[in-house]
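Subject: Structure handover

Hi,

Here is the structure I promised to pass on. Have a look at it first, and then read my notes below.

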Amino acid sequence: MAKIVRLEPIAQETAVETNGNLLSVLLNKDLDVLKECGGRGMCATCHIYVQQGMEALSPVNRREQRTLEVITTCKPNSRLACQARVLQNGVVVELPPGMYINSIKDIEVLIGRRAEQDLLHPITGQVLVEAGKLITRSMLKQIEDTTSFTLGTYFSQSRDI
């Protein structure tokens with residue numbers, strides 16, 4: 001039987017099959033979710049905040065907990081949409097503000113412009129460029145020197161649990 005999930009701040013409700021994950025809800029609403037790790041619970045790109053109904057979701061598993069510990073914007077009500085399964089009605093979720101980027105090349109094309117929204121690291125959720133800030137070559141170099149976008153290496157070092 002289908003369960004109803006509310007998405008904020010877009011104020012939309014949608015149905016999901018019992019035991020369906022929240023990632024499918026986001027994708028069905030055409031929300032731009034990268035799912036960089038393929039829905040394996042190993043990146044931040046489907047990180048959400050549960051405003052209501054945490055008890056209506058499946059419990060946090062070990063892999064999800066480990067990933068949440070790495071996400072810099074994690075809060076007590078954080079979940080990974082790919083891992084959170086809807087068991088009952090009453091779930092209200094909110095997407096963190098900002099846009100996840102896949103690589104430094106995603107930022108290169110924006111040099112000389114102001115970031116329209118926070119640009120976020122796909123694994124940690126760290127804000128790389130704040131909304132409204134001018135994106136410069138020196139900023140890009142600093143990000144490149146301090147930030148790894150080698151997702152394949154990250155995933156190969158993580159074991160399935």
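Does Arg-79 count as buried or exposed? Arg-79 counts as buried, at 1% relative accessibility. (Buried means under 20% relative accessible area, exposed over 50%, and partly exposed in between, with a 1.4 Å probe and protein chains only.)

Before the rest, a bit of housekeeping. This is a predicted model, so local features need pLDDT of at least 70 and side-chain atom pairs count only at pLDDT 80 or more, while totals for chains, interfaces and linings use all residues. Residues are numbered from 1 along each chain as its sequence is written, and side-chain values use heavy atoms, with hydrogens and water left out.

**The overall picture**

The protein has five helices and eight strands. Both are DSSP runs numbered from the N terminus: helices are H or I with at least four residues, strands are E with at least two. Along the sequence they follow the pattern β-β-α-β-α-β-β-β-α-β-β-α-α. Of the 161 residues, 43% are buried. If you look at contacts (heavy atoms within 4.5 Å) with a separation of 6 or more, 59% of them are between residues 24 or more positions apart.

**The sheet**

Five strands make an open sheet, in the order S2-S1-S5-S3-S4, with mixed pairing. Strand S2 (12-17) and strand S4 (78-80) are at the edges with a single partner strand each, so one side of each has no neighbour in the sheet. From one strand to the next, the twist averages 40°. Two strands pair here if DSSP finds at least two bridges between them. Strand S1 (residues 2-8) and S2 run antiparallel and are joined by six bridges. Within that pair, Lys-3 stands opposite Val-16, and Val-5 stands opposite Thr-14. The S1-S2 hairpin has three residues between the strands, and Ala-11 takes a positive phi near 55° there.

Helix H2 (residues 62-70) lies across strand S3 (47-52) and S4, at about 120° to S4. For the angles, axes are lines fitted to C-alpha atoms (for helices over the stretch in contact), and values run from 0 to 180 degrees between N-to-C directions.

**Salt bridges**

How many salt bridges does the structure hold? It holds three, counting a side-chain nitrogen of Lys or Arg within 4 Å of a carboxyl oxygen of Asp or Glu.

One of them is between Glu-64 and Arg-79, with the closest N and O atoms 2.7 Å apart. This pair links distant parts of the chain, 15 residues apart: Glu-64 sits in helix H2 and Arg-79 in strand S4. Like the Arg-79 I asked about above, which is buried, Glu-64 is buried, with a relative accessible area of 0%.

Arg-6 meets Glu-8 (2.7 Å, N to O) and also Glu-13 (3.8 Å, N to O). Arg-6 is partly exposed at 27% relative accessibility, and Glu-8 is buried at 19%.

**Helix H4**

In helix H4 (residues 137-146), the buried residues are Met-139, Leu-140 and Ile-143. Down the H4 axis they fall within an arc of 100°, so they line one face of the helix; the arc is that of the directions from the helix axis to the C-beta atoms. They pack against helix H3 (104-108) and strand S8 (127-129). On the face turned away from the buried side, you get the exposed residues Arg-137, Ser-138, Gln-142 and Asp-145.

Leu-120 is in strand S7 (residues 119-120) and is buried, with a relative accessible area of 4%. Its C-alpha atom is 6.1 Å from that of Ile-101, 19 residues away along the chain. Beyond four places in sequence, Leu-120 has contacts that include Pro-97, Tyr-100, Val-127 and Leu-128.

Gln-83 is in the loop between S4 and strand S5 (91-94), and is buried at 16% relative accessible area. Leaving aside neighbours within four places in sequence, Gln-83 touches several residues, among them Arg-40, Asn-61 and Glu-64.

Cheers
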